[in-house]
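I opened this entry to log what I looked up in the model. Overall make-up comes before the details.

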Amino acid sequence: MLDCTYESASSAAASKEVATEVPEQASVEITVEDSKTEQLVETDKGGKIEAPAVPVSGGPDIPSHAPYLLIGGGTASFAAARSIRARDPGARVLIVSEEPDLPYMRPPLSKELWFSDDSSVPETLRFKQWNGKERSIFFQPPSFYVSPQDLPSVENGGVAVLTGKKVVHMDVRGNKVKLDNGLEITYDKCLIATGGTPRNLPALERAGEEVQKRTTLFRKIEDFKSLEKISRNVESIVIIGGGFLGSELACALGRRARNSKLEVMQIFPEKGNMGKILPEYLSNWTTEKVRKEGVNVMPNTVVKSAKYQDDKVILKLKDGQTIKTDHVVAAVGLEPSVELAKSARMEVDSDLGGFRVNAELQARSNIWVAGDAACFYDLKLGRRRVEHHDHAVVSGRLAGENMTGAAKPYWHQSMFWSDLGPDVGYEAIGIVDSSLPTVGVFAKGTAKDTPRAVTQESGTGIRSESETEEVATSVNVSAGTASSAHPPQDGEDYGKGVIFYLREKVVVGILLWNIFNRMPIARKVIKDGEEHDDLNEIAKLFNIHED
């Protein structure tokens, strides 16, 4: 029996009109080549990939010239490096990273790493996926890379990572950058993939040094290590933020609290968890799910001020209440890192943030931008900026291709996913905004409809790398029946379902709730851009009625 839920909004958020010209070739029919079809991570066979200790380079160890210079050491840069080397096997690629670590994947920092019983995880950074298989957080072992000093001379080129260094100035006319130690590197082609920095709450920023010492802005490996240690040594932690990161960390810490004296609270201004993404009924259900994980969830809560007193952080709320805690985690969004815009004279989008680029992710004739920092032109949905792993993979890969002359537009609709532990997960694509009208179609879930089950079947834990190469070319609805739409019943358990986000009766976003490996179909529905009179029928494309 299918349940169909309708959720409307009095005013839907309209996308910003932009005057950017899209190349004519962008309108031709394109087949899907998804980031899920390409493994970024080398599968461990036999030995373990330990957390590499990488010395900070400097002086004579830094090459004076890099044919391909990639600024930023995250997923987008690594994907670009792989793409450049695939098209230009002799390429010499230099990645400059502020972090002390080699490129790694960020999603496990708030997901799987927390669910291991192995106390050595913070040191080894190896973890078990939902399917039980073990892997490293790093994309590749140290042996994959060449040293920066050897990059100019090594036979057949390679990829080098200059760690612990920051690019502080760009001379776009001279094709060179300056590092924070004063040294300069010239380049032929450059990618900016600087990502972003976690936002903080003004109330916490104003609170003084002692509060700052007891506040985590979660983003990097060092943040995971620090918070993991803190969680074992304090009595209470407050997580501020009800979005992806805040809810994932709340579930992770809540499970840990079951076997300890740790108290975990989550506070946010929305009515429920993921309130900016999920329709209200599903947001409410998610909030109850997080509570069952052992978290004291406080929606509709705003922090007015903070102070340190009697060895506690005291949060004063807008309604006059106070919360005392040992530690605070602020998970309130990301600020794109665009400090280079001034020296490079590059345009930053005033509404969305990030460097403005064209449909080919190009900002200048020999400068591209990818990942969180790119404000790009989406061929279907207009000007956008996306902060998810899959987008970093796909945009980085495309930027790398275009740096080697491909001249391809960014037509791909990247997906994102979030797991509330191994039993509840969702994948989404397009504009997924709870202020838009939505139509939800649900069915009873089975044991197969969980993140754990899908990773056991696919053999991989990072779902943006596991999608099949299937291309959805048709939206013909298969035979089957579906019930008429009706509002959700009180206490209903949303086992699995599809939520359509609409703008003027056209589907602009799709969220798959405990339904996996159906992204090609979702992309096809959005790409077609057609009005649909009965979304019950479209929901059948996702095999929602299958047991």
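The model is predicted. I counted secondary structure and found twelve helices and 29 strands in the chain. Burial came next: 56% of the 547 residues count as buried. I then checked contacts between residues at least 6 apart in sequence, and 73% of them join residues at least 24 apart. The accessible surface comes to about 23,000 Å². Carbon and sulfur atoms hold 45% of that surface.

Next, helix α1. I looked up its length: 13 residues, 75–87, should span 18 Å at 1.5 Å a residue. The end C-alpha atoms lie 19 Å apart, which agrees. I listed its buried residues, among them Phe78, Ala79, Ala80 and Ile84. What do the buried residues of α1 pack against? I found β2 (65–71), β3 (92–96), β6 (158–162), β9 (184–192) and α9 (389–403).

Then salt bridges. The count comes to 25. I picked out arginine 219 and aspartate 372, which meet at 3.0 Å, N to O. This pair links distant parts of the chain, 153 residues apart. Arginine 219 sits in the loop between β11 (215–217) and α5 (221–231). Aspartate 372 sits in the loop between β22 (367–369) and β23 (374–378). Buried or exposed? Arginine 219 is at 17% relative accessibility and aspartate 372 at 11%, so both fall under the 20% cut-off and count as buried.

I checked two further pairs. Arginine 385 and glutamate 387 meet at 2.8 Å, N to O; arginine 385 is buried at 17%, while glutamate 387 is partly exposed at 31%. Glutamate 401 and lysine 408 also form a salt bridge, at 2.8 Å. Glutamate 401 is buried at 10%, and lysine 408 is partly exposed at 28%. Last, I noted a salt-bridge network of Glu209, Glu210, Lys213 and Arg214.

Definitions and conventions: Residues are numbered from 1 along each chain as its sequence is written. This is a predicted model: local features need pLDDT of at least 70, side-chain atom pairs count only at pLDDT 80 or more; totals for chains, interfaces and linings use all residues. Side-chain values use heavy atoms; hydrogens and water are left out. Helices (H or I, at least four residues) and strands (E, at least two) are DSSP runs, numbered from the N terminus. Buried means under 20% relative accessible area, exposed over 50%, partly exposed in between (1.4 Å probe, protein chains only). Contact means heavy atoms within 4.5 Å. Accessible areas come from the Shrake-Rupley method with a 1.4 Å probe; for residues, only the protein chains shown count as cover. The expected span of a helix is 1.5 Å times one less than its number of residues. A salt bridge is a side-chain nitrogen of Lys or Arg within 4 Å of a carboxyl oxygen of Asp or Glu.
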